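Subject: Structure for you to look at

Hello,

Please find the structure below, followed by notes on what was found in it.

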Amino acid sequence: MTRTGTVAVSPVDASYEVEDERVHLRGSRCRACQAVFHPPRPVCAGCGHRDLEPVRLGPVGTVYTFSRVHQSTPDFQAPYVLAYVDFPEAVRVLLPFLGEQPPTIGDEVDLVLAPGPRLADGAPVTLVHARPLPSRRNDRG
Amino acid sequence: MDEVYVAGIGMTPFGKHPTQTAADLGAEAVLLALEDAGAGRDDVEAAWVGHVFQGMAMGQRALGQAGLSGMPIVNVENACSSGSTAIFDAALAIRAGAYDICLALGVEHLSQRFRGAFTPDESDAEAHIGLTMPAVYAMRAQRHMAQYGTTAEQLARIAVKNKYNASLNPLAQFKNPVTLEEVLASRLIAEPLHLQECAPVSDGAAAVVLTSRRGRDRLGATRAVRLAASALKSGRSEVGLPDMTVEDLTGRAAQEAYRQAGIGPDEVRFAEVHDCFSIAEALRVEGLGLFPHGEYPARVARGEADLGGRLPINGSGGLLGKGHPLGATGVAQVVEVVRQLRGDAGARQIPGARVGLAHCRGGKAQGVEGTACTVNILVA
Ligand SMILES: [Zn+2]
């Protein structure tokens with residue numbers, strides 16, 4: 001069964017879908033130049049073509065870079081970890097990283113829904129997060 | 001095409017100005033620049049005014065405060081490159097032969113508007129995830145460290161250098177040098193960047209009088225400096241998996257500026273670049289072709305970018321030391337380059353400097369590499 005959703009705080013935000021408890025991001029692929037985008041977009045930013053098809057990203061990607069953020073705006077609860085994750089579809093997506101321990105560059109991650117660092121009315125907002133693959137999670141004990 | 005000259009410069013101290021408004025600061029910079037150029041208010045044919053967060057008609061308010069009104073006034077918003085885009089626009093109008101004497105002003109009063117970290121615009125999804133400007137540069141720093149062996153200590157030395165230079169600049173926000181240990185002991189903002197590696201919240205304004213050759217001669221501005229190049233580019237859409245240590249935007253603006261000036265990067269004797277964070281200075285100068293890609297932090301540690309070094313970078317103190325009132329920053333960089341070329345830089349004078357470059361790169365918008373980037377080259 002497939003469930004879909006859009007993060008509530010922003011209608012243009014990361015749309016995702018959950019199938020058999022695996023979280024995927026939704027994107028679009030240009031039928032002319034094959035460039036892939038997330039979030040999905042109506043016009044190709046690479047070549048201007050308007051014919052894009054939906055594509056599913058993940059569920060596994062690789063950490064391109066990361067940082068643990070210690071100071072943010074009052075709307076966020078620091079510290080939190082952010083990572084740019086590269087997906088095999090050749091698209092890079094910024095994601096919150098699950099937990100307070102940062103990854104290292106090159107770590108493999110999958111996706112999970114979890115309360116994010118943003119606070120709406122004092123409560124965390126659910127966001128798609130990157131998390132270490134199970135083998136990595138076990139390594140960390 | 002007409003040649004363009006900087007005939008007058010003016011700048012307020014950068015820092016916290018709780019008793020002055022943005023219009024007060026802008027007017028002060030304008031009056032200083034007019035006086036320096038030997039220009040009266042009626043000499044100014046048109047004005048461009050860069051700012052980011054000052055609201056509607058900032059230019060009319062600041063110029064009105066200085067007693068100037070009635071001429072064409074254009075308000076310019078281009079993120080941190082707003083002020084330098086005002087210079088680009090004014091220079092373009094002069095080159096096109098539309099005017100002989102123009103004003104470019106950059107102004108920002110941030111201290112009563114902002115605290116904490118800057119974020120991208122709220123309409124970007126990335127802002128909802130918690131992306132801050134320090135985090136953007138922290139993540140680029142992590143890549144620079146992984147790819148080139150750059151260390152947190154080398155990055156911190158960029159802040160030490162710029163804050164030392166600022167201590168020689170009476171208009172700078174930070175008056176005191178800091179040690180490497182103090183930078184590394186300041187609190188983490190986004191790893192690996194510490195507080196002392198992030199530009200402060202600042203108020204300030206800077207202005208230049210730009211002229212054609214005819215305008216320069218009409219004013220009798222004998223100390224005018226030639227603006228040999230003024231280039232503006234915007235960031236390209238990011239497609240695929242680009243190398244985040246490479247500044248394509250800076251590189252394209254630089255190529256255009258070098259082409260206009262008819263010089264290569266090896267002829268630049270000193271530069272003011274957009275060091276909003278320590279790592280940013282490395283990314284800029286490597287993108288400008290002033291230092292080999294990946295090597296800048298190690299070369300800073302060897303003193304190559306010091307005021308007495310091979311190629312001084314941010315002798316004014318840069319954004320890290322002089323301060324960063326967003327809209328004013330790009331104009332203040334040009335003010336500093338002119339001061340150096342005239343031999344007026346006092347304790348931070350670079351002997352024999354004939355060719356100086358000012359690089360200003362602003363902002364973050366989702367899906368593009370950067371918002372806007374200007375490169376101005378001045379020749380004595
Ligand atoms: Zn395309």
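How many salt bridges are there between chain B and chain A? The count is one, where a salt bridge is a side-chain nitrogen of Lys or Arg within 4 Å of a carboxyl oxygen of Asp or Glu. The side chains that form a salt bridge are those of Glu191(B) and Arg68(A), at 2.6 Å from N to O.

Some conventions before the rest. This is a predicted model, in which local features need pLDDT of at least 70 and side-chain atom pairs count only at pLDDT 80 or more, while totals for chains, interfaces and linings use all residues. Residues are numbered from 1 along each chain as its sequence is written, chains are lettered from A and ligands numbered from 1 in the order in which they are written, and side-chain values use heavy atoms, with hydrogens and water left out.

The interface

Chain B and chain A each put 35 residues into the contact, contact meaning heavy atoms within 4.5 Å. Between them the two chains bury about 2,900 Å², with 59% of it on carbon and sulfur atoms. Buried area here is the accessible area (1.4 Å probe) that two parts lose on being put together, summed over both. On the chain B side, His128(B), Ile129(B) and Met139(B) supply 24% of the area buried against chain A, more than any other three residues.

Helices (H or I, at least four residues) and strands (E, at least two) are DSSP runs, numbered from the N terminus. Axes are lines fitted to C-alpha atoms, for helices over the stretch in contact, and angles run from 0 to 180 degrees between N-to-C directions. Angles under 35 degrees count as roughly parallel, over 145 as roughly antiparallel, 65 to 115 as roughly perpendicular and the rest as oblique.

Helix H5 (residues 133-148) of chain B packs against helix H10 (residues 278-287) of chain B at an angle of about 65°, the axes being 9 Å apart. H5(B) is therefore roughly perpendicular to H10(B). From H5(B), the residues in contact are Tyr137(B), Arg140(B), Ala141(B) and His144(B); from H10(B), they are Ile279(B), Ala280(B), Leu283(B), Arg284(B) and Glu286(B).

H10(B) also meets helix H6 (residues 152-167) of chain B, with axes that come within 7 Å and cross at roughly 95°. So H6(B) and H10(B) are roughly perpendicular to each other. Here Leu155(B), Ile158(B), Lys161(B) and Asn162(B) of H6(B) touch Ser278(B), Ile279(B) and Glu281(B) of H10(B).

A further pair is helix H3 (residues 82-95) and helix H13 (residues 326-342) of chain B, whose axes come within 4 Å and cross at roughly 60°. That angle makes H3(B) oblique to H13(B). The contact consists of Ser82(B), Gly83(B), Ser84(B) and Ile87(B) from H3(B), with Gly327(B), Gly330(B), Val331(B) and Val334(B) from H13(B).

Backbone of chain A

Most residues other than glycine have a negative phi, and most peptide bonds are trans. The peptide bond from His38(A) to Pro39(A) is cis, with omega near -5°. Pro39(A) sits in the loop between strand E4 (36-37) and strand E5 (52-57) of chain A. Gly58(A) and Pro59(A) are also joined by a cis peptide bond, with omega about 15°; Pro59(A) is in the loop between E5 and strand E6 (61-69) of chain A. Asp121(A), although not a glycine, has a positive phi of about 55°, and belongs to the loop between strand E9 (108-120) and strand E10 (123-132) of chain A.

Regards
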